[in-house]
Every structure is written in C-alpha cells, then in structure tokens.
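Let's take a walk through this structure, one piece at a time. Keep the model open next to you as you read.

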Amino acid sequence: MSKSGIFTSSLAKKYWMALTGLFLITFLVGHLLGNLQLITKTGEEGRRAFNEYAYFMGHNIFIKILAYLTYFSILAHACIGLYLAVQNKKARPKNYAYNKPGTNSSAASRYMAILGTILLIFIVTHMANFWWKQKITETVPLHYVENTTDMQIGQDPMTGAPVTRKITLQSALTTNGNYLEVAAKDVESGQSQELVKIKDTKLIDMNTNLHKAEGVRDLHTVVMNFFGHSEQGQPANEYALIAVILYVVSMFVLMFHLWHGFGSAFQSLGLNHRKYNGLIRFVGQAFAIVVPLAFAIIPVMIYLNR
Amino acid sequence: MASKTININLKIWRQKNANSKGSMETYKLDNVSTDSSFLEMLDQLNEQLVNERKEPIAFDHDCREGICGMCSLYINGEAHGPDRAVTTCQLHMRKFKDGETIYVEPWRAKAFPVIKDLVVDRSAFDRIQQAGGFVSVNTSGRTMDANAIPIGKAEADKAFEAATCIGCGACVASCKNASAMLFVSAKVSQLALLPQGQVEAQQRVLNMVKQMDEEGFGNCTNTGACAVECPKEISLENIARMNREYLKAMVAAE
C-alpha cells in the first residue's frame, strides 16, 4: 500500500467520514445544551448566563481545542464527502432507464450528499450570522444593563432637603462577574458622561488609563433580535420569520442526515455486531429525532415569545 | 395445475458492441408460460427474433440453477428482478402481470463495461480475486488436508455464508455508487474467518481493496441496497468485517 493510503483509499475515506461525523455528533450535544439556555433561563439572569457561557466557550483553552477540531471536522467531512459524491457519480457514467432504489434502501441513505450540502450552506450562513460577528468582525456589542435611580446631588440651602435628579447608570458585565459602571446620563437634561473608556472589550480607567476589566459581549441580544425578539432597545430582525422557517427546515435536513449517518458511522468503522446493532439503531434514530427537534424548538419559542 | 400464459411488452437495451451507443428497444412477446424462467422467456423472444431474421439478444447465462453467477440483468429497476434471494435464472414469469411492460437493462457501472446488448465485462471481479482472494498452499503433491485444522461450527458457517457469493455483480448494479464492497468483503471474509486465511490476511485486504479502487468502483455509503438485492443474501456484516480488517492492516501491516 502506498504511504498516502490513509487518505486515498476508498475505505480510509470512509473512516475519515465516520470519525469526523461522530465528532460532529458529540459537538451537536454540547451546542444544543448551550443553546437551550436561551429558552430555559429568562430575564437578565438568562441573558447573563448565556453571555458568560459564550465568553467561556470562546476563552477556555480546552474548549478552543475542541473548537478547532470542530472546524477541521466540518471542513474534512464536507470536502471528503463531496469528493466521494463526485467519485461515486463517475463510477456509474450511464444511469438506468428504469430504476427502483426505493425497494432496497432508505431515501435518507441515498440523499446523504444533497442533505449534507444543504447543511453546509446552513452552517455557512449560521456562522456568518453569529460566529462571524462574535469572533471575526467582533461587532457584537458589550453586555450592558441600565439602572435609573434618584441621585442626591446636594442639599437645598433653605430647607436642607436633599436635591435629587434622575440619573441613568449604564453598567457593563465584566468577565469576573461584576457589573462596572461605564456611563451616567441625566434623564432630564440628556447630558451624559462616560466613566470608563471602552476599547473593544477592554474597560479602561479614564484617569489612570489602566485596564480595569474585560467586558462580556452580548451575543444573547444578537440571537434574540435575529429571531424576532426585540431586546435591549435593538429593533428585531424584520426577516425573523424567514430566519426561523429556514432554521427549522435545516433541522429537518439534519434529522434525515443523522437518521442514516449515525448508524452508518459505526458500520464504516467496522462496528457491526448482532449484539449491539439494535442499540446503535435505536440510539441513532432517537438522537436523529430528539436533537434536531430540540434545536428547532429554540428559535420557534424565541419568535413566539417576541 | 394448468399453466397460464401471459402477453408482455419488453423494453430491452440493445447495443451492437462495446463502442456503439445503444438504446432501449421495444418488443412484444405473446404466450409466455408463467412457469417459465426469465431466461426461458428471453430464449422464446430470441427464437421469435431469429424467425423474423433479426439479431437475437445477447445475455449471459450458464448453469440456470442459481449457482454459477453468470446471469445478470437489471429487471424493472432491480438487480435480478423483483424477487428476493434469486438470480435471474431463478426468477419466474409468474412474478409478472399479463400486459406488463418489463424493462431489461445490463448492469450499469464504469467497471462493468457493456460488451454487447445485456452482456457486461465482469473481469474486474476476477482481477480483484487475483489480487488477494486466495490462500497460498503447496500443490506439489504434498498438499495439506483441508480438514487438518478443526474449525468450530459457528465460524465455519459464517465463512461458508460469505463464500456463497457467486460474484454475479448484483451488488455493484444495485448500489447507487456502483460500489463493489459487498463482493470484495465477502471474498475477504470467507478467508479472514478461517485459520488458513490468517497468514495472508493483512496483505489480502490491502491488495484487494487497492485493486477494487483501481477498477473504478464507487465508494460505500452504507445504503444497504446490495445486501437486499444479493441473490445469496450476503450480509452487510461482511462489509463491516472488511472495514475492520483493512483498518487493522492499514495501521499494522509491514
């Protein structure tokens, strides 16, 4: 066998498809658990939990390694898959005039390449909507909260009664879990004053120029707005309904892809035995239904609760 | 029971030789006994064609009892026709209705080029076998007794099940990728399951898969169509076994 056999032989390509596919299946579990926070937790607490989770996912070294493995798996799975699809087309240059493949195989198994291509398009748009903004262009704003309070600014010289004004304090959520006041605004006059200089996510002291804290990005609001839930004074995405529908459709595609892919990965790796075939089929088909369905529920719920 | 006869329409692939283009031609055949086999029906059609001074249809056949692996034919969208666990010679005309239109096509695969009409060149399978589908034994007159090594019944049965593959190519014909994995895996398994096959096991699987790839067969996507259409009901377990054998050999072979 040639040295490069681990990449070129038909069976080696199957191993790569299976291994990257199984890794992406485990990725789906983690991703789903993270996403579920969008509907299981509400209010400022939920927003904070999600954004702190997103920060953790972007900065933990162990998670970073997993992230790079995920990027690699998506690319490898897509590239090898498309290469295999082209090779397989070439293996039958002339098609049958009359063919009944439905009698011997499932539709999901026959359309894996098409389902996978749709999923690749979904992943690209999905990453452009969220991952790109969070990690590449870094245009996701910081996590701010606003509190309006009556602030004492002095005493009435005649009566000695306290003089108060309505002040809105804007605080940013920091990576150490505190809220740091970054700006104050007089509600009546509209005058505002910055208390902290902000550069990207860095919160810098006005006087000493010292780096005081690191802000947490507000991915939660970006997601909620994207799926039609107006938050933090940001207008909701006017195409939210289309986004929700396309997301749900993509999850149906994922369902069919997993329906065949889960068990297929085990077969490709040579794991086929009467003792546990039933278990693999059951777990695979349950996974194929439950996971995409749970993913799909999230944007639907966000949209319905807008 | 009195035999029934049916009248059928046939759409059959006609191709003069390997280099000509070929097309589906329509034929009408009356008074086909439902007790006749599919090949006997084709014999009857050829007789009719010869009487009309037309070129008879070329198709592969030999034993006509389902063990030689010569007959092929993609009938009504399925390899060896609509019946299960039979070769075309074992398919009977009682499976078809009176007045039915039956499509008959050759196996379609890059690795199985059409020679004439319904006959395809399956020598790619021979070359895969020659690449490793054997055990090397001394045949100089002191050949070891085949039963010298006792083998458990369960293992022997499994090896035998794999060995029932007749190499007809229905797996390739049915597979949407024209993949030969079921054939190759059966041939790998029948030897890998036995102690006599262990000596050359690693090189065997590497060489046979290499030859399979070179012949231009597609890749397996585990649709399972091959095992459903296989006249000998070769199981997908064999493909998994080949995957294991290859994985072992890939990382461990010298």
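Helix α2 covers residues 123-132 of chain B, and its buried residues are B:Ala124, B:Phe125, B:Ile128, B:Ala131 and B:Gly132. Buried means that 20 or more other C-beta atoms lie within 10 Å of the residue's own; with 12 or fewer a residue is exposed, anything in between is partly exposed, and the C-beta atoms are placed from the backbone. Look down the axis of α2(B) and its buried residues fall within an arc of 115°, so they line one face of the helix; the arc is that of the directions from the helix axis to the C-beta atoms.

A word on the model itself: it is predicted, so local features need pLDDT of at least 70 and side-chain atom pairs count only at pLDDT 80 or more, while totals for chains, interfaces and linings use all residues. Residues are numbered from 1 along each chain as its sequence is written, and chains are lettered from A and ligands numbered from 1 in the order in which they are written.

Now find B:Val184. Leaving out residues up to four places away in sequence, B:Val184 touches B:Ile128, B:Met208, B:Val209, B:Met212 and B:Met242, where a contact means C-beta atoms, placed from the backbone, within 7 Å. B:Val184 also belongs to the largest nonpolar core, which has 115 residues; B:Val104, B:Ala109, B:Cys171, B:Val172, B:Leu182, B:Phe183 and B:Val184 touch the most other members. Such a core is a set of buried Ala, Val, Leu, Ile, Met, Phe, Trp, Tyr and Cys residues joined through C-beta atoms within 7 Å. The largest share of this core, 12 residues, comes from chain A, namely from helix α8 (residues 240-268).

How do the two chains meet? The contact takes 41 residues from chain B and 38 residues from chain A. On the chain B side, the elements giving two or more residues are β5 (101-105), α7, α8 (225-229) and α9 (237-252). The largest share of that side, nine residues, comes from α9(B). By class, the residues of chain B that touch chain A divide into 18 nonpolar, 12 polar and 11 charged. For that count, Ala, Val, Leu, Ile, Met, Phe, Trp, Tyr, Cys and Pro are nonpolar, Asp, Glu, Lys and Arg are charged, and the others, Gly among them, are polar.

Over in chain A, go to A:Lys212, which sits in strand β7 (residues 211-214). A:Lys212 counts as partly exposed because it has 16 C-beta neighbours inside 10 Å. Beyond residues up to four places away in sequence, A:Lys212 touches A:Leu180, A:Val196, A:Leu203, A:Ile204 and A:Asp205. In the loop between β6 (202-205) and β7 of chain A you'll find A:Asn209. Its phi is near 60°, a positive value in a residue other than glycine, and A:Asn209 is exposed, with 9 other C-beta atoms within 10 Å.

Chain B has a positive phi to look at as well: B:Asn31, a residue other than glycine, has phi near 55°. B:Asn31 is found in strand β2 (residues 23-33) of chain B, and with 9 C-beta neighbours inside 10 Å it counts as exposed.

How values were computed
Helix = DSSP H or I, 4+ residues; strand = E, 2+ residues; numbered from the N terminus. Contact = placed C-beta atoms within 7 Å.
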